[in-house]
Amino acid sequence: MKPKEIANNIYYTGVNDRRKDLFENLWPLPAGISYNSYLIDDEKTALIDTVDVCYSDVFLQKITAILNGRQLDYLVVNHMEPDHSGSIRLLRQLYPDVQIVGNSKTFGMLAGFYGITDGLQEVKEGQTLSLGKRELSFMMAPMVHWPEVMFAYDKLSGTLFSADAFGTYGTLDGGIIDEELNISLFMEEMIRYYANIVGKYGSPVQKAIQKASAFDIQTICSTHGPVWRKYIAEAVGAYERMSRYDADCGATILYGSMYGHTEQMAEVIASAISAGGVRNIALHNLSKSHASYVLKDIFKYKAVVVGSPTYSNRLFPEVESMLHKIETRDVKDRIYACFGSFTWAGAAVKQLAEFGHRMKWELVGNPVEQKQGITLETFEACTQLGTDIAARLQAQ
Ligand code: FEO
């Protein structure tokens with residue numbers, strides 16, 4: 001069966017992964033993920049990226065079905081992460097004369113990962129590659145989210161091949177182009193994907209979006225998720241907004257709690273935020289919520305509220321681990337509050353306050369610290385903190 005033609009002589013040669021539990025061996029995939037690849041069948045033939053090696057067999061079958069005995073002239077490598085470069089070595093065995101198109105950073109990684117050092121064609125910013133009726137223009141997009149990332153643009157069809165940019169988790173069930181799918185799941189998973197994978201690199205994403213805006217784009221072919229056509233504005237808008245760390249009115253309350261005392265404080269704070277009129281409130285018990293989903297909510301909502309008991313004179317380990325992940329992503333421009341409990345010597349709240357300071361986040365209200373069980377005084381302090389958070393959110 002010939003793969004789907006998504007635009008004139010551009011075929012979808014990607015695959016769906018419904019088997020893997022954790023992307024990058026880290027991030028849950030309840031709705032799977034697609035690895036997208038595209039074949040342009042012009043006077044010359046060009047494949048844009050490959051797929052994870054686990055799916056190389058079905059991937060190569062798709063390519064041979066389209067080419068039907070013709071030669072593959074070019075492989076454009078927009079991104080070298082192995083979920084996209086994993087089938088290059090096998091592709092090269094099937095098509096030994098294929099020219100691999102990339103930049104100097106691509107080729108360093110190609111040698112390092114796969115030992116491939118010949119049959120390379122280097123492209124630089126703004127250079128083009130003629131395929132016959134059409135030509136591809138190349139635009140470097142370093143650190144979205146690896147240094148070698150580049151985009152390719154086909155003027156004839158107005159198609160931008162954007163590597164991971166505008167990608168999402170989620171398999172392509174039946175449809176491939178956005179208008180063939182219910183995109184609501186993808187828009188939510190896009191936030192989680194961005195927060196997990198791209199989150200640290202807001203500034204490079206902004207630069208890439210700015211550069212790409214010079215093209216007349218009718219279709220965006222990312223390496224994960226739907227082909228964007230009808231909903232380009234939504235996909236680009238979501239990435240643009242997240243790259244500025246812009247967020248909705250809402251609060252992510254994340255906490256660790258061994259015996260429920262810190263958790264009680266979280267509940268009181270959440271009630272007061274709700275009473276203050278805020279409707280987006282996500283509570284995460286960090287011993288249960290996966291960091292993937294916590295990060296998604298931190299990218300979604302303006303307020304971050306963190307609670308921890310003191311544990312061996314430090315933060316509760318799951319809180320410490322989560323704060324490290326947030327710090328790694330350099331999340332900017334949040335409002336922040338903290339709270340915690342201890343039994344004989346308090347250390348957690350001081351360390352939480354230091355975290356907010358390091359993040360350069362705006363501290364709202366007074367941090368609340370409780371010794372052992374919750375008291376009326378603590379209840380009132382937590383209520384006041386929640387009220388202050390809601391008022392600050394509403395004042396945006
Ligand atoms: Fe989908 Fe950065 O690889």
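The structure is a predicted model, in which local features need pLDDT of at least 70 and side-chain atom pairs count only at pLDDT 80 or more, while totals for chains, interfaces and linings use all residues. Residues are numbered from 1 along each chain as its sequence is written, and side-chain values use heavy atoms, with hydrogens and water left out. The chain is assigned domain 1 (5–243) and domain 2 (251–394), with bounds that come from an automatic or database domain assignment.

**Domain arrangement and interface**

- The C-alpha centres of domain 1 and domain 2 are 39 Å apart.
- Domain 1 brings 13 residues to the contact and domain 2 brings nine, where contact means heavy atoms within 4.5 Å.
- About 1,100 Å² is buried between domain 1 and domain 2, and carbon and sulfur atoms give 60% of this area. Buried area is the accessible area (1.4 Å probe) that two parts lose on being put together, summed over both.
- On the side of domain 1, the residues that lose the most area to domain 2 are Arg192, Ala195 and Lys200, which together account for 36% of what that side buries.

**Polar links and composition of the interface**

- Two salt bridges are counted between domain 1 and domain 2; a salt bridge is a side-chain nitrogen of Lys or Arg within 4 Å of a carboxyl oxygen of Asp or Glu.
- Lys300 and Glu188 form a salt bridge through their side chains, at 2.8 Å from N to O.
- Seven residue pairs, both residues at pLDDT 80 or more, are in polar contact across the interface of domain 1 and domain 2. A polar contact is a pair of N or O atoms within 3.5 Å; within protein, one must be able to donate a hydrogen and the other to accept it, and residues adjacent in sequence count only if both atoms are side-chain atoms.
- β5 (27–28) and α5 (184–198) each supply at least two residues of the side of domain 1 that touches domain 2. The largest share, six residues, comes from α5. Helices (H or I, at least four residues) and strands (E, at least two) are DSSP runs, numbered from the N terminus.

**Salt bridges in the whole structure**

- The whole structure contains 22 salt bridges.
- Arg134 is in the loop between β12 (128–130) and β13 (135–140), and Asp154 is in strand β14 (residues 150–154), 20 residues apart.

**Backbone features**

- Val144 and His145 are joined by a cis peptide bond, with omega of about 5 degrees.
- His145 belongs to the loop between β13 and β14.
- Ser312, a residue other than glycine, has a positive phi near 55 degrees.
- The loop between β19 (301–311) and β20 (314–315) holds Ser312.
- Most residues other than glycine have a negative phi, and most peptide bonds are trans.
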